[in-house]
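User: Hi! I'd like to learn how to read the main features of a protein model. Could you walk me through this one?

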Amino acid sequence: MSCHTRIPNFEFASEEIEDAICNGRLLSIEIELSLRCNFHCPYCYIPKNSSLENELTVEEIHDVVLQAQELGAKKIILLGGEPMIYPHIMEIIKFIRAQHLGVEMFTNGTNITADTAKQLFDYGVNVVLKMNTLNEQAQDMLAGKKGAFNIIQEAFLNLKQARQPSGETFLAVSTVICSQNIDELVDMWQRLREQNIIPYFEMITPQGNIRQNEWLNVESQKVYDIFCKIAEIDRTRYGYFWEPQPPLVGNRCLRHQFSCLVTSLGQVMPCVGVTIPVGSIRKQKLRDIIKDSEVIQDLRNYHETIKSPCRECEKSNECYGCRGAAYQLTGDYLASDPLCWKNVDKHGEITRLPIAVEELIPQKSPMRIIDTLAKVGERSADVTVTLSQDMPFIDETGFLDEAAYLEMIAQAIAALNGFKHMGASKPAPGGFLLGAKKLEILGRAQVGNTLKISVHKYAKYGGFGIIKGTVSRDSDLLARGEIKIWHEI
């Protein structure tokens, strides 16, 4: 499955988006009802072994909808898995509509009979049907299911016949750009436009199943050419004016300004591509998650946080590429989008994890006692170091002095701070260690050991932060404790 965002011609007004950014509000929210699906798409973002246990209850979904509404959401976007095999789908739709909220649903067409199609439009559901090609063999392959083409085409016919032209609902077709359909996309776009059906074409986010199916990929120049051809057709034949930019044909992905995803397990993420859990609705209120998430705030404040070369692009005021592609390919949700055609010859300028910490932290050799920043998350990071005899804190027998554990934790959080500001418009704020507590020494390390230092900022008060840190060797926990730091604001 590819990313889901606003449908072309149905964007929120810029004033609404600006208000959502300034006041920590939502305009829409995406909800995974369940990961259960009867298709097996080779590009699906959901890993094959994802858990289907402990998924959200109907009551929890209702509560998420109400919390989103309190934050200003006007529309609920229903995702899967496949929503139309979810046993409570109509109950969920009725509940959302009873709150006077809009509903968009992405579906592969399963169970959409003539009666069901009419029912969906009677409820005011905007349906987005996944259809990648008009070739039966290719469609079955792209769905990973024999007979998928017939399921989709039958649903398409039923939806077209049930659609109410005078109503406010719309029908759209979602299509991923891949090597199997690249040559028919222009024709498909025109066919959909002629039928007053919204074409929703997008680049595949490189995650999940696509990592084992790279035969689907299309080189950036060919993607750009398709964008340009369709832009010309839209301009000359249909009166739609837009400039090509990834990842959506004819539209801009601005979802991080006003939306987020709630997964089937209750985790809150920026979107299906930026797979960083920033909280759980089973533990916190949605309002608090959005307010406290540094990842969400970084993405909303992308003008200052996005990294080069995207931040130097002439379109940086209206485009930040695909954040999902950037995160999946670099490990950094603020990195430049490697799949953008403007960055084809600039990959050497794009930051990627893992990265050496020497340019990220103020400590220099020999006092720098961490090597590599391996992973970043919501207020968290993993850092590694391989101990050598010439490092400080190593005694004559080759063992690491236990006092080094605290310094490793402090340097790890400094590396996270430095990385977030690497190449951004503002330099990393200065800071210092205020104190430590609850340090437990559980094991010793020696020369030749590779250690992982994991840190998480679990509390912050203005410029003050409290960091929990652990130091481990493989599966052995060697130390854990807390430090208090201060950063300039």
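Analyst: Of the 489 residues of the protein, 57% count as buried, where buried means under 20% relative accessible area, exposed over 50% and partly exposed in between, using a 1.4 Å probe and protein chains only. This is a predicted model, so local features need pLDDT of at least 70, side-chain atom pairs count only at pLDDT 80 or more, and totals for chains, interfaces and linings use all residues. Residues are numbered from 1 along each chain as its sequence is written, and side-chain values use heavy atoms, with hydrogens and water left out.

User: How many helices and strands does the protein have?

Analyst: There are 13 helices and 16 strands. Both are DSSP runs numbered from the N terminus: helices are H or I with at least four residues, strands are E with at least two.

User: What is the radius of gyration of the protein, and what would a compact globule have?

Analyst: The radius of gyration is taken over C-alpha atoms, and the globule rule is 2.2 Å times the number of residues to the power 0.38. For 489 residues the rule gives a value near 23 Å, and the protein has 24 Å, which agrees. Its C-alpha atoms fill a box of roughly 80 × 50 × 45 Å along the principal axes.

User: Now helix packing, please. How are two packed helices described?

Analyst: By the angle between their axes and the distance between the axes. Axes are lines fitted to C-alpha atoms, for helices over the stretch in contact, and angles run from 0 to 180 degrees between N-to-C directions. Angles under 35 degrees count as roughly parallel, over 145 as roughly antiparallel, 65 to 115 as roughly perpendicular and the rest as oblique. Take helix α2 (residues 58-70) and helix α3 (residues 89-98): their axes come within 11 Å and cross at roughly 25°. The two are therefore roughly parallel to each other.

User: Which residues of α2 and α3 meet?

Analyst: Contact means heavy atoms within 4.5 Å. From α2, Val 58, Ile 61, His 62, Val 65 and Leu 66 meet Glu 91, Ile 92, Phe 95 and Ile 96 of α3.

User: At what angle do α5 and α6 cross?

Analyst: Helix α5 (residues 136-143) and helix α6 (residues 148-162) cross at roughly 100°, and their axes come within 7 Å. That makes α5 roughly perpendicular to α6. Glu 136, Gln 139, Asp 140 and Ala 143 of α5 make the contact with Ala 148, Phe 149, Asn 150 and Ile 152 of α6.

User: Is Ala 415 buried or exposed?

Analyst: Ala 415 is buried, with a relative accessible area of 0%. It lies in helix α13 (residues 404-420). Leaving aside residues up to four places away in sequence, Ala 415 touches Val 357, Leu 360, Ile 361, Ile 370 and Leu 373.

User: Backbone next. Where are cis peptide bonds found?

Analyst: One joins Gly 80 and Gly 81, with omega about 5°. Gly 81 sits in the loop between β2 (75-79) and α3. Another joins Pro 246 and Pro 247, again with omega about 5°. The place of Pro 247 is in the loop between α8 (220-238) and β7 (261-262).

User: Which residue has a positive phi although it is not a glycine?

Analyst: Asn 54 is one, with a phi of about 60°. Asn 54 lies in the loop between β1 (28-32) and α2 and is exposed, at a relative accessible area of 59%. Asn 111 also has a positive phi, of about 65°. Asn 111 is partly exposed, at 45%.
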